[in-house]
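Here's a quick tour for anyone opening this structure for the first time. Have a look, then follow the notes below.

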Amino acid sequence: MATVQLVEYAQASPAVREIYDDIMATRRIDWINNFWKALAVQPELLRRTWLGVKTVMAPGALDPLVKEMLYIAVSITNACQYCINSHTAAARKKGMTDEMLAELMAVVGMANQTNALASGLQVELDQAFQAGGRNPLNPQP
């Protein structure tokens, strides 16, 4: 159960309804999920968060399915059950298969394990990996 009273569309202020309408239009849906209803108790927080999500998840250099899968991976690491489920549903709508989800889980699990090992053992970063492998004296795309 949410720790705040969810703001339903019928009870929403005009400013909140405007954001709700944009969410529904952008996502091509006819309902508002509980995450947005919870944020609507602070309309400015709702507006800022929606603008951020809308901007980041918009088409860009990364495929929309890849973006959803990245969102799932981070949500798993942060243990956000709500986001795991909502972004898994979104990724499935964009074509993610059960096999893709299983492989994503394997990558997330392995990354978390090796990250913990490298951090716990305080492994010094190899020079070849500095700056993400980009040589600052000879930058290449």
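Let's start at Thr88: leaving aside its neighbours within four places in sequence, Thr88 is in contact with Ile72, Cys83, Met96 and Leu101. Keep in mind that this is a predicted model.

**Around Thr88**

- Thr88 sits in helix H5, which covers residues 81-93.
- Is Thr88 buried or exposed? Thr88 is buried, because its relative accessible area is 12%, and the cut-off for buried is under 20%.
- The side chain of Thr88 also reaches back to the backbone oxygen of Ile84, at 2.6 Å.
- For a sense of scale, take Asn33, which is 55 residues from Thr88 along the chain: the C-alpha atoms of the two are separated by 14 Å.

- Ser75 belongs to helix H4, made of residues 64-77.
- With a relative accessible area of 5%, Ser75 is buried.
- Setting aside neighbours within four places in sequence, Ser75 is in contact with Cys80, Cys83 and Ile84.
- How many disulfides does a search of the whole structure find? The search comes back with zero.
- Cys80, then, is in no disulfide, and the nearest cysteine sulfur to it is that of Cys83, 3.3 Å away.
- As a reminder, a disulfide is a covalent bond between the sulfur atoms of two cysteines.

**Helix H1 and its two sides**

- Helix H1 runs over residues 14-27, which makes 14 residues.
- From its first C-alpha to its last, H1 reaches 20 Å, close to the 20 Å expected at 1.5 Å a residue.
- Which residues of H1 are buried? They are Val16, Ile19, Tyr20, Ile23 and Met24.
- Look down the axis of H1 and those buried residues fall within an arc of 135°, so they line one face of the helix.
- Turn to the face away from the buried side and you'll find the exposed residues Pro14, Glu18 and Ala25.
- The cover over the buried residues of H1 includes helix H2 (34-39) and helix H3 (43-56).

**The nonpolar cores**

- The largest nonpolar core has 15 residues, and the members touching the most others are Val16, Tyr20, Trp36 and Leu46.
- H1, H2 and H3 each supply at least two residues of this core, and H1 gives the most, with five.
- Val16 shows how parts of the chain meet: beyond its neighbours within four places in sequence, it is in contact with Val7, Ala40, Pro43 and Leu46.
- There is also a second, separate core of nine residues, with Met69, Ala91, Leu101 and Val108 among them.
- As a general point, in soluble globular proteins nonpolar side chains tend to be buried together.

**Two positive phi angles**

- Arg28 has a positive phi of about 55° although it is not a glycine.
- Where does Arg28 sit? Arg28 is in the loop between H1 and H2, just after H1.
- Arg28 counts as exposed, because its relative accessibility is 77%, and the cut-off for exposed is over 50%.
- Gln122 is another residue other than glycine with a positive phi, here near 50°.
- Look for Gln122 in the segment after helix H6 (98-120).
- At 65% relative accessibility, Gln122 counts as exposed.

Technical notes
Residues are numbered from 1 along each chain as its sequence is written. This is a predicted model: local features need pLDDT of at least 70, side-chain atom pairs count only at pLDDT 80 or more; totals for chains, interfaces and linings use all residues. Side-chain values use heavy atoms; hydrogens and water are left out. Helices (H or I, at least four residues) and strands (E, at least two) are DSSP runs, numbered from the N terminus. Buried means under 20% relative accessible area, exposed over 50%, partly exposed in between (1.4 Å probe, protein chains only). Contact means heavy atoms within 4.5 Å. A disulfide is a pair of cysteine sulfur atoms within 2.5 Å. The expected span of a helix is 1.5 Å times one less than its number of residues. The arc is that of the directions from the helix axis to the C-beta atoms. A nonpolar core is a set of buried Ala, Val, Leu, Ile, Met, Phe, Trp, Tyr and Cys residues joined through side-chain atoms within 4.5 Å. A polar contact is a pair of N or O atoms within 3.5 Å; within protein, one must be able to donate a hydrogen and the other to accept it, and residues adjacent in sequence count only if both atoms are side-chain atoms.
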